[in-house]
Amino acid sequence: MTRQRLFLFVIALLLIVLSWWQIAAARTGLVVQSLSRDGIPMLYVAPNARSQKMPGVLIAHGFAGSKQLMLGYAYTLAHAGYAVMLWDFSGHGANNKPLTRSLQADLDTAYKALLTQRGVEPQRVAVLGHSMGSGAAMTAAIQQSDRFTATVAISPTKAAVTPQVPTNLQIQAGSWEPRFVVNAQQLLQRAGGEGQGRSLIIIPNAEHITILFRHVSHQAAKTWLDRSFGIQTFSSYIDNRMTWYGVHLFAWLLVLGAVAPVIANGILRQPPRIWQRFPAGGVSDLLFQAAIQARNSDIISKSDRLKSWIGLILSPLGAIGILALLNRNTDIASLGGVLVGGALGIWFYAAGIVWLLANLRLPRLTLAGLGLGLGLFLLLWVAFGAMAQVAWLQWWLVPVRLQLWLWLSLLCFPWLLASGIAQQQSRIKTRFIWWLGQSLVLVIGLLATIQILPQIGFIFLLLPIFPLFLAMFAIASAAVKDIWAFAIGCSLFFSWAIAAAFPLVG
């Protein structure tokens, strides 16, 4: 390892330690307790050692979310003196029940669990929800208005609001999610307009996901609840956890850049010891020579590059065609027992096959590539998910999701193998162009798919996330270089993320 790589490695380790320290600091002075009621995973967050009664808040996540996704509101409110209960709706996060049970039943279970916590005042309870959870929150506050003093609906869906119920309704929407802004304005009008326990706040420079991490949104909710309960709370807490999560992820990518080339070169310069036990000219020697040949593949011609670009551009057509055919005889929104995620996997599979056929070349798979691929998966798994588990995403998969992960890995593999072939032997500038091209084709292709198959329209809200994943994969490709290692590691990782996020159905 060169001095430069060693320096990057040491800096990365320091950033990782600092990030974890900052994430842990967010819990200082709080009780954070995991519990379960009727099979529903819950998380209770409250001030530590409070002698007086506390107002309680139920916090409901949105579609394809989890209790971790709403922690910014939970920490902000808990530091201000509120007792907060979060949970995973059926089919979401760590809740292994399919999404068949009523959302209201899950919310009611969480409400009862909140009231059993020490120090929570039953007469002072509010409910806050995002997207799908906002509909559940408003419905509960309408149907059981005696339970809830205030309601906060973020990126709201529909609800039968009136000028009388729910009590003390605040509506929030991000300035970059125009459809939800329109819906919020309509809700406000039906609820009686601004004033008299009604308020609409537009969070600047936020869309459907990023609104959850905006300090402005957290503080607006806290201020509204303070006003509704007639109390005055003071807290200097600002939720910067996602900033430190980004630092943590960046540091692990530095580790990848520093270590992966060293490991790859070490494997390919001489056979590993286990291979050396076999006689020269035996199977081990053949495998080693295959690894060398795969590493020193032929120079990619301009015609090969052109074929890759044509394949990339045409790939969404194959994906749309396959999904349209499947839609004739099956519910594509529920393919594989997972809402939307199965259809997304099929999309990547069909698009990847088209892209691979255009390349008309396939590198050899070697033991070295397989080992590097598994190592890449483990590094990405830790880099992206270890902190996500306590910051914003239910990363640990329940058993039923582990089964989904296996077949989703196979579906995602062709696209990432084609992507690795396309970027083979590319320089930094060329890799950036490939990242930009893939991002545009992916986003435009998925938009076209949604137009034809609107039942998987939830993908629209996730479009800003895909270029971020592709950027990670571009960095991984540059560091690892071995095509099979890149495809194996990234497909295992990407499919894990899909299996972790999308809801389960029966």
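Asp226 has a relative accessibility of 7%, so it counts as buried (under 20% relative accessible area, with exposed over 50% and partly exposed in between, for a 1.4 Å probe and protein chains only). Lys222 is buried as well, also with a relative accessible area of 7%. Their side chains meet in a salt bridge, 3.0 Å from N to O; the term means a side-chain nitrogen of Lys or Arg within 4 Å of a carboxyl oxygen of Asp or Glu. Helices (H or I, at least four residues) and strands (E, at least two) are DSSP runs, numbered from the N terminus.

A word on the source. This is a predicted model, in which local features need pLDDT of at least 70 and side-chain atom pairs count only at pLDDT 80 or more, while totals for chains, interfaces and linings use all residues. Residues are numbered from 1 along each chain as its sequence is written, and side-chain values use heavy atoms, with hydrogens and water left out.

The structure has six salt bridges. One of them pairs Asp88 with Lys67, at 2.7 Å from N to O. Asp88 sits in the loop between strand E4 (83-87) and helix H3 (103-115), and Lys67 in the loop between strand E3 (54-60) and helix H2 (71-79), so the pair ties together parts 21 residues apart in sequence. Asp88 is buried at 0% relative accessibility, and Lys67 is buried at 8%.

Next, Arg147 and Asp108: their side chains form a salt bridge of 2.6 Å, N to O. Both Arg147 and Asp108 are buried.
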